[in-house]
Amino acid sequence: MRITIIGADGQLGSDLVRVFQDENIISLTEKDIDITEKDKLKSVISPLSPQLIINTAALSNVSLCEKDPEKAFKINAIGARNVATTAKEIKSSLLYISTDYVFDGRKNKPYLEDDLPGPLNTYGLSKLAGEYYTRYITDKYFIIRTSGLYGIHKCITKGTNFVDKMLAHKNGDEVRMVTDEILTPTYTLHLAQQIYELVKTNTYGVYHITSEGECSWYEFAKNIFSFVGLDVKLVPITSNEFPSEVIRPKYSVLENRNLKALGISNMSRWRDSLRAYLAEKGY
């Protein structure tokens, strides 16, 4: 299969390149392509004649999206529209990466793919707009919603991931962490492996792909410190005690229902995925 990966130098994109290495892949980095420039985008991708375009390019820094909504929508929405338009014109299928933040968190039980979105912040709004452009421009699409990503390679717009931030602490440090925001942290290598299994089915649609289970940021941090033997004083706080310009959903756990319906759900429990990531880093 001829596959073009946009954002191949990003956190998820790098793992997709690694997982899809036996396919005929063309890796496009931030230097190679700008999804906000429609004509240039088409001029780069069209000659490649991909059968599948994977679009991982995004402005995923949630705080930056809130400060600069115009930039957020330019990349996450209009950029997604440009990729979708190009995919339709060259008759390629398309895979778009979305987020748990398209939901408002008020359901208080895992979200299904057909639950009604209701973003609380600019990042979620812009990514949902990207979903809609993808769905209504193209017929052959995969929309992947995921959550709490961490991986070996740095996220271009956010820098280091949550796990590595915690690993940077030293014995004796004190860390304040919220207990009332619940999610499912997901290892990008495992996400990339599951995406590979999904695209081989040619069963298009919306899919949730996260690790299994759920935790708070506090519980996630506690497990990181425990697994590597860091003696850090972890102080539980509520989100009200953690000032932020961004409203975040209190509960954004996703259920991988559509994957399971296909019989191809291979995602590990989040603790097992965390152990696998730490092992890859040498812990």
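In this predicted model, strand β1 (residues 2-6) pairs with strand β3 (residues 52-55) in the parallel sense, over four bridges. Within this pairing, threonine 4 stands opposite isoleucine 53 in β3.

β1 and β3 belong to an open sheet of six strands, whose order is β2-β1-β3-β4-β5-β10 and whose pairing is parallel. The edges are taken by β2 (24-28) and β10 (205-208); each has a single partner strand, so one side of each is left without a neighbour in the sheet. Averaged over the sheet, neighbouring strands are turned by 20° against each other, direction ignored.

Helix α1 (residues 11-19) lies across β1, β2, β3 and β4 (93-99), and runs at about 160° to β1. Helix α7 (residues 188-199) also packs on the sheet, where it touches β3, β4, β5 (141-146) and β10. The direction of α7 makes about 155° with that of β5.

A further packing involves two helices. The axes of α8 (residues 217-228) and α10 (residues 270-280) come within 11 Å and cross at roughly 45°. Because of that angle, α8 is oblique to α10. The crossing in which α8 passes α10 is right-handed. On the α8 side, the contact is made by Glu219, Phe220, Asn223, Ile224, Phe227 and Val228; α10 contributes Trp270, Arg271, Leu274, Arg275 and Leu278. By type, the residues of this contact divide into seven nonpolar, one polar and three charged.

Note on methods
Residues are numbered from 1 along each chain as its sequence is written. This is a predicted model: local features need pLDDT of at least 70, side-chain atom pairs count only at pLDDT 80 or more; totals for chains, interfaces and linings use all residues. Side-chain values use heavy atoms; hydrogens and water are left out. Axes are lines fitted to C-alpha atoms, for helices over the stretch in contact, and angles run from 0 to 180 degrees between N-to-C directions. Angles under 35 degrees count as roughly parallel, over 145 as roughly antiparallel, 65 to 115 as roughly perpendicular and the rest as oblique. A crossing is left-handed if the near helix is turned anticlockwise from the far one by less than a right angle, and right-handed if clockwise. Contact means heavy atoms within 4.5 Å. Ala, Val, Leu, Ile, Met, Phe, Trp, Tyr, Cys and Pro count as nonpolar, Asp, Glu, Lys and Arg as charged, and the others, Gly among them, as polar. Two strands pair if DSSP finds at least two bridges between them.
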